[in-house]
Amino acid sequence: MADKDFENINPGERKVWVQEGLYPAKAVSYKRLKYSFKGRLVEKVVIGWKVFISSDLSTGVILSRYYNLERDRSKRLHFGHHHAYRHDWVRANNNKEPLEREKIPPEKFEEGLFLVKVVTVTEGQDGEIPSSMEWSRIGRVERPIKDGEQFKRLPLEPHDSLEQMN
């Protein structure tokens, strides 16, 4: 077989798992990915978020939020009414559409802390993955966090998030 029978391999990036729920987070990175999937070119925007897992916001992990990129006939990025990126941007903007519909810059996510929903990835391209290999990602941006807002414990649950604040 060779390659020293698969010892001393590059294991790739480590995927992080945290309990599902709502957490405070701050956007820390942006990147675009291009790859081939089932014979077609796919583009994604990936926003890296520092998700705070301690109530005093001293400890955090980096999780990603993935957005499919679509282009119109003129090759412009298309973030229409139903696109997840537009939904997250509007929620980050206090549920307000941008003044100019054609401008939704990612810098909005750098304007402070946001409450994000963390979800667990349980399936891959081939179906269900072993439970020991499950990992977390950002499911969506919920809302901005107000100055002075505090959390008694994390994660917050969607049904009790208002009770946990302050």
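Reply: R91 counts as buried, with a relative accessibility of 15%, where buried means under 20% relative accessible area, exposed means over 50%, and partly exposed lies in between, all with a 1.4 Å probe and protein chains only. R91 sits in helix α2, which covers residues 84-92; helices (H or I, at least four residues) and strands (E, at least two) are DSSP runs, numbered from the N terminus. Leaving aside residues up to four places away in sequence, R91 touches R140, V141, E142, R143 and P144, a contact being heavy atoms within 4.5 Å.

This is a predicted model, in which local features need pLDDT of at least 70 and side-chain atom pairs count only at pLDDT 80 or more, while totals for chains, interfaces and linings use all residues. Residues are numbered from 1 along each chain as its sequence is written, and side-chain values use heavy atoms, with hydrogens and water left out. The mean pLDDT of the protein, which is the predictor's confidence in each residue from 0 to 100, is 89, and 92% of the residues reach 70 or more. Over residues 160-166, however, the pLDDT is below 50, although this stretch has 15 contacts in the model beyond near neighbours in sequence.

Two of the residues that R91 touches, R140 and E142, are themselves joined by their side chains in a salt bridge of 2.9 Å from N to O, the term meaning a side-chain nitrogen of Lys or Arg within 4 Å of a carboxyl oxygen of Asp or Glu. R140 is partly exposed, with a relative accessible area of 33%.

Helix α2 also holds D88, which is linked to R65 in strand β3 (residues 60-68), so that the pair joins distant parts of the chain, 23 residues apart.

Elsewhere, the side chains of K108 and E111 meet in a salt bridge of 2.7 Å, N to O. Here K108 counts as buried at 12% relative accessibility, whereas E111 counts as exposed at 58%. Salt bridges also link R32, E43 and R71 in a network, and a search of the whole structure finds 10 salt bridges.
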